[in-house]
Amino acid sequence: SSGINAEWPLRPGTIDWAHDRIIKLIQLYEKKSVLWNPSNPEYFHRDIRNMVYDDLVRELNITNLTVNETKRKLENLRSYFRRETKKLQDHERKTGEKLHSKWPYYESLQFIHEFMSVKNEGGSENGVVKVKHMVRSSYLPTMNVKSE
């Protein structure tokens with residue numbers, strides 16, 4: 001399948017992140033909250049997160065895809081999402097007009113919005129990580145988890 005930038009030849013060994021592959025990556029990532037939700041009890045357990053990344057790569061089923069390439073792609077998506085969010089918020093604050101992103105993955109990544117902070121013009125963070133509820137994962141034995 002062809003990627004969004006199909007006109008650019010890929011370097012040997014480079015993964016072709018076609019649109020359908022990125023959508024599948026985002027969908028799998030959303031289901032694996034241990035990778036992005038700090039209220040997940042396993043979020044701070046590196047070994048568990050590494051196992052989940054291994055699962056994610058296996059489920060993507062892309063030849064020669066590595067965990068590092070997957071992490072890099074997710075970080076690029078998160079960074080672009082952060083920049084896009086800041087751009088939309090800045091525009092709304094300056095003009096009062098609410099814009100909608102034309103980036104094809106913006107809506108799909110909304111689940112991470114509440115866990116991201118966006119830097120304002122002065123460089124300080126506008127918002128903090130919010131913990132709304134605890135999520136129990138299948139990677140640790142059952143434990144008592146309380147919700148707010």
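Glu-84 and Lys-87 lie 3 residues apart in helix α3, so about one helical turn separates them. In this predicted model, their side chains meet in a salt bridge, with N and O 3.2 Å apart. The two partners differ in accessibility. Glu-84 is buried, at 6% relative accessibility. Lys-87 is partly exposed, at 49%.

A second pair in helix α3 is Asp-90 and Lys-86. These residues are 4 apart, and about one helical turn again lies between them. Their side chains form a salt bridge with an N to O distance of 2.6 Å. Asp-90 counts as buried because its relative accessibility, 14%, falls under the 20% cut-off. Lys-86, at 22%, counts as partly exposed. Elsewhere, salt bridges with shared partners link Glu-75, Arg-78 and Arg-82 into one network. Arg-82 is partly exposed, with a relative accessible area of 28%. Glu-75 is likewise partly exposed, at 31% relative accessibility. In total, the structure holds 7 salt bridges.

Lys-73 presents another case. This residue lies in helix α3, which spans residues 67-95. Lys-73 is buried but has no salt bridge. The nearest side chain of opposite charge belongs to Asp-16, 8.9 Å away. A salt bridge requires nitrogen and oxygen within 4 Å, so Asp-16 does not qualify as a partner. Beyond its neighbours within four places in sequence, Lys-73 is in contact with Trp-17, Ile-22 and Leu-25.

Leu-25 also takes part in the contact between helices α1 and α2. Helix α1 covers residues 19-31, and helix α2 covers residues 46-60. Their axes come within 10 Å and cross at roughly 145°. The crossing is right-handed. On the α1 side, the contact involves Arg-21, Lys-24, Leu-25, Leu-28 and Tyr-29. On the α2 side, Leu-56, Glu-59 and Leu-60 take part. Of the residues in this contact, 5 are nonpolar, 3 are charged and none is polar. The charged group comprises Arg-21 and Lys-24 from α1 and Glu-59 from α2.

Note on methods
Residues numbered from 1 in each chain as written. Predicted model: local features only at pLDDT ≥ 70, side-chain atom pairs only at ≥ 80, totals over all residues. Heavy atoms only, no water. Axes fitted to C-alpha atoms, helices over the stretch in contact; angles between N-to-C directions. Helix = DSSP H or I, 4+ residues; strand = E, 2+ residues; numbered from the N terminus. Left-handed = near helix turned anticlockwise from the far one by under 90°. Contact = heavy atoms within 4.5 Å. Buried < 20%, exposed > 50% of the residue type's maximum accessible area, 1.4 Å probe, protein only. Lys, Arg positive; Asp, Glu negative; His and termini not counted.
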